[in-house]
Amino acid sequence: MNEDARHLLSFVPEKSIDVTITSPPYYDLKDYRDPRQIGFGQKFEGYRNDLTHVFSDVLKATKETGSLWVVVDNMRVEGKLVLLPFEMAEWIRGAGWILQDILVWDKMKTRPVTRGLGLRKVYENILVFSRTKNFKTHLDKIRDYELTRWWVKWPERYKSSGKVPADIWSFLIPSQGNWSRWPIFKHQKLHECPFPPELVERILLLTTDANDAVLDPFAGSGMTLAVASCMKLRFTGFEINETYLRNFWNEVVPTVRNWYQEKHSQRVLSDDEMEIRLEKLKKLKFARILSTRLVGQVPAFGPVSTFLLEENEVIDVFLLYDEMMQGMQRLDHPSPDLAKAVVQKLLSTKELKTFGIKANTHVLSAGEFAHEMKDYLSSIQLWLYKRHHMFESSIRFDDWIAKYKDERWKEAYSMGKSPPLISNIDIYQKEPD
Ligand SMILES: C[S@@+](CC[C@H](N)C(=O)[O-])C[C@H]1O[C@@H](n2cnc3c(N)ncnc32)[C@H](O)[C@@H]1O
């Protein structure tokens, strides 16, 4: 509802909520353009008092067995690091909640920060509170069971499944980069910081039973509520920005429903579908290992990118080198012919033969490849991989042409000796713990 979270108790009955999942504004980092907003334009003390008030009302609205999950990040005010997660944990404790845990949410990708050590910032904290000591958790519901059969067929990566997840949770943010699984959030279109639906789903699995009630007092895009609706839970949210509210019904709910349906139809994959996935993984890993071994054996190869293209069951692996290495003809560089010979040798090694994959291989300069393939590849969907089992984003061929020489780009998507891998095969398969 388009109401101020400070008036929550006028709308939500006491002891009616099972779980609250939220992320309040991070002090004055962002202007949400509404006079009722908490954070922006406030003194720190006012911000603290307002949030303490809201979380104290959320406590009253929560059942004895209920819990509260708050996603929050450190921030800098005038260059000084503010330990917002820890300060906020104390405010919320002060409001009467019991602090149960502090988790790390690994966002896997984010923008670089220029201050402090200048490292890329990839995590936020998740503060977990309960109303009483006797709170609801269903750890068994968040074990990874569904992939067990995979590991039987895929012993190379076998790890015991059915494990309880650790306290670092890795979920990609939907709004950054070109992650086209969430075009509605791409480039921060609908909201700057929507939760990943997978994160919300995990918390809801852990904390709710059928028909339970979910609350988000700072709903933003409404991701918490949209996932709750998919899981047939009751939900209430507060959001002062009317546009977010409109987008919630028109765009977020339908998109998240599709995601949920697709995700859950994949859970009961038939044997055939499992095989198809496994084949994709094998092909991608095959290309990755081939390029790694090539660079291992021909260090002067100067790898740029590897392309794996599949058409009508036939796969082609393009091992691309830097055109500067055209100087490969020079005496101090190995020639492309040497690289080709090494590739042929590698294909007959046991390591690559176990994949059972027949591939046409090509050793080419990146420039030549770009020139020859431009027409064909500009019209097809390509995916960029760092890890072979999980694309990082979709990529247009033109973008690749613009970026492949950029050392930072190359480094960001290289894996060990293997350069970025680009393919028309799409797979986004998380590796279970
Ligand atoms: C960090 S964002 C939440 C993002 C959300 N987790 C999502 O998945 O999209 C915080 C939100 O709180 C809203 N907000 C700020 N002050 C508020 C208030 N007094 N009452 C309700 N919402 C408020 C802002 O408009 C903003 O959308």
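The model is a predicted one: local features need pLDDT of at least 70, side-chain atom pairs count only at pLDDT 80 or more, and totals for chains, interfaces and linings use all residues. Residue numbers start from 1 along each chain as its sequence is written. Helices (H or I, at least four residues) and strands (E, at least two) are DSSP runs, numbered from the N terminus.

Let's start with the open sheet of seven strands, whose order is β7-β5-β6-β2-β1-β8-β9, with mixed pairing; two strands pair if DSSP finds at least two bridges between them. At the edges stand β7 (168-170) and β9 (234-237), each with a single partner strand, so one side of each has no neighbour in the sheet. From one strand to the next, the twist averages 20°. Axes here are lines fitted to C-alpha atoms, for helices over the stretch in contact, and angles run from 0 to 180 degrees between N-to-C directions. Within the sheet, β5 (residues 98-106) pairs with β6 (residues 123-130) in the antiparallel sense over eight bridges, and D101 stands opposite V128 in β6.

Now for the helices on this sheet. Helix α1 packs on it, touching β1, β2 and β8, and its direction makes about 150° with that of β2. Helix α5 also packs on the sheet, touching β1, β8 and β9, with its direction at about 165° to that of β8. Contact means that the C-beta atoms of two residues, placed from the backbone, lie within 7 Å.

How enclosed is α5 (residues 223-230)? Seven of its eight residues are buried, so the helix is largely enclosed by the rest of the structure. A residue is buried if 20 or more other C-beta atoms, placed from the backbone, lie within 10 Å of its own. Among the buried residues of α5 are M223, L225 and C230. Just after α5, K232 takes a positive phi of about 60°. In α1, the buried residues include Y47, F55 and D57, and their cover includes β1 (17-22), β2 (62-72), α2 (84-94) and β8 (213-216).

There is also a hairpin to look at: two residues join β13 to β14. Strands β13 (residues 382-387) and β14 (residues 390-395) pair in the antiparallel sense over five bridges, with L382 opposite I395.

Finally, the ligand is surrounded by 22 residues, the closest being A5, Y32, F218, G220 and S221; a residue counts as near if its C-beta atom, placed from the backbone, lies within 6 Å.

Methods: Buried ≥ 20, exposed ≤ 12 C-beta atoms within 10 Å, placed from the backbone.
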